[in-house]
Amino acid sequence: MSKYTIIVDPLSTGQEYPAAFKEAGQTPVAVLSGLVPPPAFTGSWHPEEFEHIHYFTGDVAALAEELRQYEPEYLFPGAESGTELCDQLIEILVPGTGNVPELASARRDKWDMAEALRLAGVPRLRQIRTADPVEAERWLKENDLLGRRLVIKPPKSAAGDEVYVVFEDGDWRERFDRVLGRTNKMGLVNDAVLIQEYAEGTEYLVDSYTVDGKHSLVDVCRYTKISRGDKIGIYHRIDFLAEDDPEVQALWPYTQQVLDAVGIRIGCGHAEVMMTADGPRLIEVAARPAGGGHQMVSELATGDNHIKRTVAHRVRGEVRDGFDLVQHLRGIFVSAYRDGYFRNREVFDGIESLKSFHWMKILHDEDAVVPETVDLFTCLAWVILIHSDAQTLDDDYRRVLEMEAAIVIDEP
């Protein structure tokens, strides 16, 4: 077995891979999909963790030749930005060991994702990808969606970046123009816009790990998200569910169809699914570990996570079927209601005395200028509550909401 583990874009959650593989006796090798990380991931790039770092400069074949020295047996992405390059490298270095190569774009581009579902006969949301507002308006009329609630977003973004709702009879063109041509937080120019019918329901995160096309659950969470103006999908709360929960049982068969449709044959899967009145509908799916601190909370709730599953499988050949919910966990994303000076960090004093308190991270200092929370990248703080008693969890959650409501942010 090769002593090297190649990680493409060990960023975001992927920054946790190097230490995990070192502990397992492997030498991690970093491959960056550009000369610098995407803007959203700059703070998670830790080159000091690697003895060997390689950069993609546009020639995939040349990069693959550089990597042959490690006699790789596998490669995998650490972050969303590395998924497509990783697929290409696998097909050169260890062909046939990765996900379905012809469906690589369906695991990254939200339009191609939905098209893959359509071709596989999997229920999906109606949508169009275009840079032409005339074409967009024609499609809206043909699908009886003109004047109805819509979602507008880039085809390639992450963590709720530039996702907007257009309310009934709202100005969809203004949001269309706002997205088109802008550079998103993945460092990509939005050369087209995705317009999607609005999905009403409860949203879930479904994490999986796949080996030879057989999918297994890693964790499942129920999302609570909020809206602010025309920004939707702002993370507010997650609750971990047990595998035998009826909600999970309703979601998992559909999610497996999604994983098959987009060609995930090995490794991590991270799906967001809305349970609507018409049944489950995919919001998006990715072939990489869940981000946003999720590996920590997943391990707390289940004793396992994507990182641990990957190491167990790749290094020791261990494959697990399903997961156990070992304790009830609620994660809370505290929001800043406006841009400005964060004046009262002490509003969270005493939070440690809550019976279910486990952990908190405030992302800004007193009097710092904070951004309005519009996506996962701009939350003000994270709180984790853990308790065996559901009522205690609910009581402490309400106390955290009171603290959030008392936050003072002055005009900049």
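User: Which angles between two axes count as roughly perpendicular?

Analyst: Angles of 65 to 115 degrees count as roughly perpendicular. In this predicted model, helix H4 (residues 110-120) and helix H7 (residues 246-261) pack at an angle of about 105 degrees, and H4 and H7 are therefore roughly perpendicular to each other.

User: Which residues of H4 and H7 make the contact, and how far apart are the axes of the two helices?

Analyst: Two packed helices are described by the angle between their axes and the distance between the axes. For H4 and H7 the axes are 9 Å apart, and the contact is made by Ala116, Leu117 and Ala120 on the H4 side, with Tyr254, Val258 and Ala261 on the H7 side. By class, this contact of H4 with H7 comprises six nonpolar residues, with no polar and no charged ones.

User: Which residues of H7 are buried?

Analyst: An α-helix has 3.6 residues a turn, so residues three or four places apart point the same way. In H7 the buried residues are Val248, Leu251, Trp252, Tyr254, Thr255, Val258, Leu259 and Ala261.

User: Where does H7 bend, and how does its end-to-end distance agree with the span that its 16 residues should have?

Analyst: H7 bends by about 30 degrees at Trp252, with a proline, Pro253, following within four residues. At 1.5 Å a residue, the 16 residues of H7 should span 22 Å, and the end C-alpha atoms of H7 are 24 Å apart, which agrees.

Conventions:
Residues numbered from 1 in each chain as written. Predicted model: local features only at pLDDT ≥ 70, side-chain atom pairs only at ≥ 80, totals over all residues. Heavy atoms only, no water. Axes fitted to C-alpha atoms, helices over the stretch in contact; angles between N-to-C directions. Parallel < 35°, antiparallel > 145°, perpendicular 65-115°, else oblique. Contact = heavy atoms within 4.5 Å. Nonpolar A, V, L, I, M, F, W, Y, C, P; charged D, E, K, R; others polar. Expected span 1.5 Å × (residues − 1). Bend = angle between axes of the 7 residues up to and from the residue. Buried < 20%, exposed > 50% of the residue type's maximum accessible area, 1.4 Å probe, protein only.
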